[in-house]
Amino acid sequence: MHEEGLAIAEELGLRTEAGKRLCALGRAALLAGAYEESRRRHADALRLAGEQGHRAGEADARIGLAMVARRTGDLADAEEHMRAALAWFREADYGPGTTLALAELGFTAELRGDPERARALHQEGLAAARALGDVRAVALALEGLAGTAAAAGEPERAARLLGAADAARTSVGAPLPPAERHDVDRTWSTCLSALGRTAAEAAFALGTEPAQAVRYG
């Protein structure tokens, strides 16, 4: 459907709409693990947006490029694109974009071996998500904090945070799709290795309790 929409937009000269369809196709490719295709689609979208001075379109394309870069290990490129997107979201006072960008930057900092910076970014994202009342964004920030806890040698806390995030997502009927579990799965793998399955699952279950959700979220 997005391919058809792109063809129609290009035929009619609707360049802004074409950029949106390119980003949508880029996201679909990202979730399918087709990283080169995703990079190409998002790069084309960024070029179109830049030619039009469409800053919202630029930010959307940069998010996609940053996600591809992080998944493929180019952490410097991921940070560059996401910082540019965050700057625009803050200028536009667009909360959902801000929380997403902070989470992505937090994950990038974690992977670069800087858990303290990662924790600060995720805590900022958590505060912003709570102010918005966006439960899914709260869950994403908790998942980020779980990753930093695991990286800092706190696997039990990490497992509890994952439990709190899972409870938050369940509360709004929005479980994390399999294609988006990359960060959660690697954190959970660390918890299992450090604690063993029984202890990790017990800590996770503790995190799902209402008192823990309030504490973390």
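The legends below describe close-up views of a predicted model.

Residues are numbered from 1 along each chain as its sequence is written, and side-chain values use heavy atoms, with hydrogens and water left out. In this predicted model, local features need pLDDT of at least 70 and side-chain atom pairs count only at pLDDT 80 or more, while totals for chains, interfaces and linings use all residues.

**View 1**
Helix 6 covers residues 95-111; helices are DSSP runs of H or I with at least four residues, numbered from the N terminus. Its 17 residues reach 25 Å from the first C-alpha to the last, close to the 24 Å expected at 1.5 Å a residue (the expected span is 1.5 Å times one less than the number of residues). Helix 6 is mostly covered, with 14 of the 17 residues buried; buried means under 20% relative accessible area, with a 1.4 Å probe and protein chains only. Just after helix 6, Gly113 has a positive phi of about 85°.

Leaving aside neighbours within four places in sequence, Thr108 is in contact with Arg70, Leu75, Ala78 and Glu79 (contact means heavy atoms within 4.5 Å). A polar atom of the Thr108 side chain lies 2.9 Å from the backbone oxygen of Glu104. Asp74 is 34 residues from Thr108 in sequence, and their C-alpha atoms are 9.6 Å apart in space.

**View 1. Helix 8 from end to end.**
Helix 8 (residues 135-151) has 17 residues and reaches 24 Å from its first C-alpha to its last, close to the 24 Å expected at 1.5 Å a residue. Helix 8 is largely enclosed by the rest of the structure, because 13 of its 17 residues are buried. At the start of helix 8, a side-chain oxygen of Asp134 comes to within 3.2 Å of the backbone nitrogen of Arg136. Just after the helix, Gly153 takes a positive phi of about 80°.

**View 2. The largest pocket.**
The largest pocket holds about 1,100 Å³ of space. A pocket is an open set of points on a 1 Å grid over the protein atoms alone, where a 1.4 Å probe fits, with protein on both sides within 12 Å along at least five of seven lines; lining residues have an atom within 4 Å of a point. Grid points are joined across faces, edges and corners, and the volume is the space filled by probe spheres set on the points. Of the 40 lining residues, Met67, Leu100, Glu104, Leu140 and Glu180 are the closest to the centre. Helix 6 gives the largest share of the lining, eight residues. The lining divides into 24 nonpolar, five polar and 11 charged residues; Ala, Val, Leu, Ile, Met, Phe, Trp, Tyr, Cys and Pro count as nonpolar, Asp, Glu, Lys and Arg as charged, and the others, Gly among them, as polar.

**View 3. The second largest pocket and Glu143.**
The second largest pocket has a volume of about 170 Å³. Residues lining this pocket include Glu143, Pro175, Trp188 and Phe204. Helix 9 (155-171) and helix 10 each supply at least two lining residues, and the largest share, four residues, comes from helix 9. By class, the lining has seven nonpolar, no polar and four charged residues. Glu143 lies in helix 8 and counts as buried because its relative accessibility is 6%. Leaving aside neighbours within four places in sequence, Glu143 is in contact with Phe107, Leu162, Ala165, Arg169, Leu176 and Val184.

Terms used:
Polar contact = N/O pair within 3.5 Å; in protein donor to acceptor, adjacent residues only side chain to side chain. Buried < 20%, exposed > 50% of the residue type's maximum accessible area, 1.4 Å probe, protein only.
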